[in-house]
Structure formats: C-alpha cells, structure tokens
Amino acid sequence: MGDVIVITSGKGGVGKTTTTANIGTGFALMGKKVVLIDADIGLRNLDVVMGLENRIVYDLVDVVEGNCRLKQALIRDKRYDSLYLLPAAQTRDKNAVNPEQMKQLCTELAQDFDIVIIDCPAGIEQGFKNAISGASQAIIVTTPEVSAVRDADRIIGLLESEGKHNPKLIINRIRPNMVKKGDMMDIDDIIEILAIDLLGIIPDDDYIIISTNRGEPAVANPVSAASTAYKNIVRRLTGENVPLMKIEANDGFFSRLKKVFNF
Amino acid sequence: MFDLIQRLFGRDSTCSKDVAKERLRLVLVHDRVNTSPQFLEGLKDDMIKVISTYMDINEDTMEVHFAHTEDSVALIANIPVNNMKRGKRLAE
C-alpha cells in the first residue's frame, strides 16, 4: 500500500499546485511510482503546471461516475515513466464527487502506486473535504504572510477535527533579504505560532515562474534554490534526515556569483 | 533626533515582522475559540468542577467569555457564588 498525501493550505495562491508538481516529480526522480490527483474540480491547473494539458481525455469525475476505467484517465508524464496525473474535471464543480468516492479512489490508487499526492483546492468547503478524505498524511503550505499563516492555522484545526493528526508544514516563498531586515516573519516565528512540525522551506525563486511557464517542474533543475529545497523535502518524506537549507540574504556580487555557480 | 535618523535610514523602531507576529497571535486566539464551540463549553464545565469543590456557585447565571482589546485578549468569568463550603482545605 502506498502513502496518500494531501497538499493543502486554506488560502489560495500560496503554492499548493507547484508544491504538488515538484514533490511528485521529486519522488519520480527517485524511481518511485507516483500519481498526482488534481482535486480542484472546476479550476484545474495541475495539468498546465505539469505540461500535460493537451493529453487529457478523461478526468476524475469521469472515473467516479464510471464513464471510463481508472487506468484510462491516468496520464503518463512526458519525462518520467513512473509519474502519472489524474486531472480534475474543468466543466463540473466540487459537488460532483463526495468524500466517500474520493476515499475509494485513493485506496484503489494506493494499491498500484508508491505515492499518491492530492492537490487540494483553496477553501474549506466541499472541495477541501473531498481532497482530505482519502489521505493518510497532510502537508500544509504557507507563506510568511499573516493571511496565509492564519488560514494555515484554521486548516490545522479542521484536519484535527477530521482525525488527520500531525500535519507537516512547508513555508514557501521566503525572501532572505526581507527576513534579514526584519520585514518578513522567519521560520521560527511561524513554527512558534502554528506549533506543528516543519517539513521544509522554499526560498522565493524566479525559476519557479520560468519552469511553470514551460510546464516542467523546477525540481529537475540542478541549480535552482527552490529545486534543491523540494529535493530535500522529498528526501525527508522518505525518512532521510536532511538539514534545513541555509537561506542567506544575497545582496553582494559574490553571493550572486555563488548562486550562479551553485556552491 | 535619533528617531529621525533611524527613519531617514528607513529603520522603523519596530520591525514589521514583529507587528505581523503580534497581530497573528491575537487573531488566532480569537479564531481558535470561535471555530471550536466545544472549547468554551469544555472550559466552563471544567471550571465548574474545580470551583464547586470550594464553593457553591450558580451555574445557570455563570458567564465565561473572551474580551478583546487592541493589544490583548482576556478570559472573563463572572461566577455568582451562593455559599462557601466549610472546612475545605487546600492540601487534601
């Protein structure tokens, strides 16, 4: 039986889909058999982030309604043979599936795959309930902003009341220069407030935008800082003990040079 | 004067992240209480249990709530006491 992990946040736009794509691709790079489920019915995006938008024939709702077999709806990734996507339906809404159906779907997928990752929609309504129902583990993505941290706290409470204990936190889009100036909450501040385990930190990185433009998850890139951060997270999820990456303010010429040559 | 120099160099006396942290702390106290209705009820029940060993209180008119001000949150309990229990010692 594989692990079923849900990536959630409460607030929109903090990087759930990007995180799903990168963690999933990261596992595939390690040779694991992975399936990503886009649970954002009506607003699907994981397909474009993965660069698979032109290959969709069937979707999650088709599977649940029995219009096709599960295998027919799975799209194999362009680059990694062990990575698959189950896209969301674009013309339906969150009520097209229920938590029981999602649970069943996850159980079925976990028999064939090492890792099942669910990209949860923003919000706390039906879509959220569907997305978390089949998961055995939850990862919460936040950014160092009051709104995102507040919503993360609400999600922690809701997960707890649904019996999903010990979610892990990813702090996304940290800007070292702002942290250094005291104008952005740092890792310790956020952990102190939310009181949950930290899974990893992702520095704000232009390369994420570039890779999303291309539809190729950043994690495969050998030099980008965010890519290293995602690789570390994947290693931690497999049980490896990886220290947090140092996020240093880089204002000088040498640190920029260092970044270019990645040492 | 020193303040002015600091401001000239763009250094505010409090970092904005400290403001963020403090605001979050307060808003989360509020959120956590309001989003779990069992919380206040559970607290009330436990308070009644503890206080009742020392005095007779009027549970029906007892009030427990949170009071929010700009920079603090306080737990306010108004518990009418009917009678004290005689001979209740602390170290029992």
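Which residues in α7(A) meet which residues in α9(A)? Let's start with that pair of helices and then step back to the chains.

## About the model

This is a predicted model, in which local features need pLDDT of at least 70, side-chain atom pairs count only at pLDDT 80 or more, and totals for chains, interfaces and linings use all residues. Residues are numbered from 1 along each chain as its sequence is written, while chains are lettered from A and ligands numbered from 1 in the order in which they are written.

## The α7–α9 pair

On the α7(A) side, A:V149, A:A152, A:D153 and A:I156 meet A:I190, A:I193 and A:L194 of α9(A); contact here puts C-beta atoms, placed from the backbone, within 7 Å. By class, this contact has six nonpolar, no polar and one charged residues (Ala, Val, Leu, Ile, Met, Phe, Trp, Tyr, Cys and Pro count as nonpolar, Asp, Glu, Lys and Arg as charged, the others, Gly among them, as polar).

## Chain A overall

Chain A holds twelve helices and eight strands (DSSP runs numbered from the N terminus: H or I of at least four residues for helices, E of at least two for strands). Its radius of gyration is 18 Å, close to the 18 Å from the globule rule for 263 residues, so chain A is as compact as a globular protein of that length (taken over C-alpha atoms; the rule is 2.2 Å times the number of residues to the power 0.38).

Along the principal axes, the C-alpha atoms of chain A fill a box of roughly 60 × 40 × 35 Å. Among contacts between residues at least 6 apart in sequence, 75% join residues at least 24 apart.

## Meeting chain B

Twelve residues of chain A are in contact with 14 residues of chain B. The chain B side divides into five nonpolar, three polar and six charged residues.

Technical notes
Two residues are in contact if their C-beta atoms, placed from the backbone, lie within 7 Å.
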